Amino acid sequence: MPYRCWLRGASQVVQVVADPTITVVKGEKMRTVDVLSSEGGVGVGVLIDDHGRIKAVATDHEIEKIVDVAGVDRIIEVGGKVLMPGLVDAHTHPIFAGDRVHEFAMKLAGATYMEVQQAGGGIHFTTQKTREASEEALYASFVDIAHTMLRAGTTLLEAKSGYGLDTETELKMLRVLNRANDALPIEISPTYCGGHAVPKGVTADEQTNCIVDEQIPRLASEMAAGRVRAENIDVFCEKGVFEIEASRRILTAGQQIGLRVNFHGDELHPLGGAELAAELKAHAVSHLEEISERGTKAIAESGTVAVILPTTAYVLRLQPPPVRAMLEAGVAVALGSDFNPNAYCMAMPMVMHLACVLCRMSLEEALIAATINAAAALGRGATHGALTPGRVGDVLVVDAPRWEHLIYRFGCHERLITAVIKGGCVVYERSNA
Ligand SMILES: N=CN[C@@H](CCC(=O)O)C(=O)O
Ligand SMILES: [Zn+2]
């Protein structure tokens with residue numbers, strides 16, 4: 001069949017950007033999204049070819065002219081619903097064992113994130129549990145998470161290792177992500193994050209040497225042998241964890257084996273993470289609650305994508321990052337759920353809502369940040385995150401009068417998203433849609 005899927009009869013196709021050559025959106029251009037609307041009772045739709053790529057975004061009448069219906073594997077009449085791009089989650093930590101609900105209670109009672117971590121909790125607690133867990137158990141846990149993410153509209157996510165801190169467990173986590181990418185209908189950009197914390201009993205210098213001299217060379221040989229895939233290198237660049245010089249060494253070593261730089265910076269202290277990101281020409285830097293004016297200017301110039309994680313500021317009661325200043329400076333802003341045992345949220349519609357309310361983003365800015373700009377953070381700005389010919393056919397069917405309802409109706413995404421299409425295949429359909 002020449003065509004895998006034709007979604008027709010929509011009231012809106014939210015393209016995000018209609019120009020297929022655009023790969024990232026900044027500044028004033030973030031104020032509007034391109035929407036193709038039905039007119040005079042004629043619906044609009046998306047046609048996806050047998051490679052899973054978008055062939056056309058047009059009115060039903062225009063698509064009828066180019067298509068012989070006998071050559072379409074699946075025609076879906078969406079009955080006035082809205083079509084939107086699959087959402088892209090630019091920052092997650094979804095492979096872990098155990099939970100940290102007890103720490104949530106401690107933090108509600110006043111403990112800070114770093115106090116919990118310094119007392120042996122936080123990442124250390126999850127590392128212990130993840131080291132003990134079998135690869136099979138971690139995979140089974142992720143299958144459930146991946147399906148929950150899909151139902152919430154995520155079709156592409158960045159996903160980190162980082163709860164091993166030793167070579168074998170870090171590789172185990174990456175293998176789980178690679179297996180999931182091959183077997184599940186969700187696309188994953190895997191990130192090696194061996195520098196997520198300094199294990200108990202060693203210094204940051206010793207751990208930096210271990211990462212640079214042992215972990216990264218071993219990762220390179222596993223990748224060369226085709227046993228593991230990673231695309232990005234991450235480090236928790238933070239006061240008392242890996243500071244600027246250690247982070248620079250780790251990230252540069254990752255860059256030298258071909259990984260894209262994409263790391264945690266300026267979360268709890270203004271260390272100069274954004275400036276380091278600009279210096280290294282990082283693809284992305286996340287958090288930035290404490291970014292400086294200099295750092296903002298530096299990443300606006302370097303084109304590094306700022307990945308904003310509103311769940312972190314919300315759950316830790318931090319001052320949200322200065323997103324308006326970043327937008328005004330021309331920084332490309334993206335969004336991520338930061339799903340992890342500290343911030344247990346995997347729904348990008350809720351993340352967009354929090355970004356609007358806590359970070360003062362507009363609905364349009366939030367949608368761009370959760371689609372094409374998040375894709376750009378993962379080096380996929382040309383292929384994902386918008387509905388234009390040539391891009392991957394990742395589409396959501398949303399049962400609402402306008403796309404904005406997906407952000408406005410906080411926590412209602414499971415009710416609103418009635419189907420998820422990945423590469424032209426229906427990978428989720430709500431039973432009572
Ligand atoms: N800040 C560092 N890493 C994660 C939290 C990971 C954890 O607490 O397990 C973050 O992005 O928020
Ligand atoms: Zn994180």
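Which residues coordinate the zinc ion (ligand 2)?

1. **Zinc site.** H91, H93 and H264 do, each through NE2, at 2.0 to 2.1 Å. Donors are N, O and S atoms within 2.8 Å of the metal (3.2 Å for Na, K and Ca); water is not among the atoms, so sites may look incomplete. Along the chain the donors follow the spacing H-x1-H-x170-H. H91 and H93 are both buried (under 20% relative accessible area; exposed is over 50%, partly exposed in between; 1.4 Å probe, protein chains only).

2. **Geometry.** The site of the zinc ion (ligand 2) is tetrahedral, with angles of 97 to 124° among its four donor atoms.

3. **Basis.** This is a predicted model, in which local features need pLDDT of at least 70, side-chain atom pairs count only at pLDDT 80 or more, and totals for chains, interfaces and linings use all residues. Residues are numbered from 1 along each chain as its sequence is written, chains are lettered from A and ligands numbered from 1 in the order in which they are written, and side-chain values use heavy atoms, with hydrogens and water left out.

4. **Sheet.** Eight strands form an open, parallel sheet in the order β8-β9-β10-β11-β12-β13-β14-β15. β8 (87-89) and β15 (333-335) are the edges; each has a single partner strand, so one side of each lacks a neighbour in the sheet. Neighbouring strands are turned by 25° against each other on average, direction ignored. Strands (E, at least two residues) and helices (H or I, at least four) are DSSP runs, numbered from the N terminus. Two strands pair if DSSP finds at least two bridges between them.

5. **β8 and its surroundings.** β8 runs parallel to β9 (residues 154-160), joined by three bridges. D89 has L157 of β9 as its bridge partner. Helix α5 (residues 135-151) lies across β8, β9 and β10 (187-195), at about 140° to β9. Axes are lines fitted to C-alpha atoms, for helices over the stretch in contact (heavy atoms within 4.5 Å). Angles run from 0 to 180 degrees between N-to-C directions.

6. **Backbone check.** Two residues deserve a look. L165, not a glycine, has a positive phi of about 65°. L165 sits in the loop between β9 and α6 (167-183), and counts as buried because its relative accessibility is 3%. K281, also not a glycine, has a positive phi of about 55°. Its loop joins α9 (273-279) and β13 (284-287). At 65% relative accessibility, K281 counts as exposed.

Conventions. Tetrahedral: all angles 85-135°; square planar, octahedral: opposite > 155°, others 65-115°.
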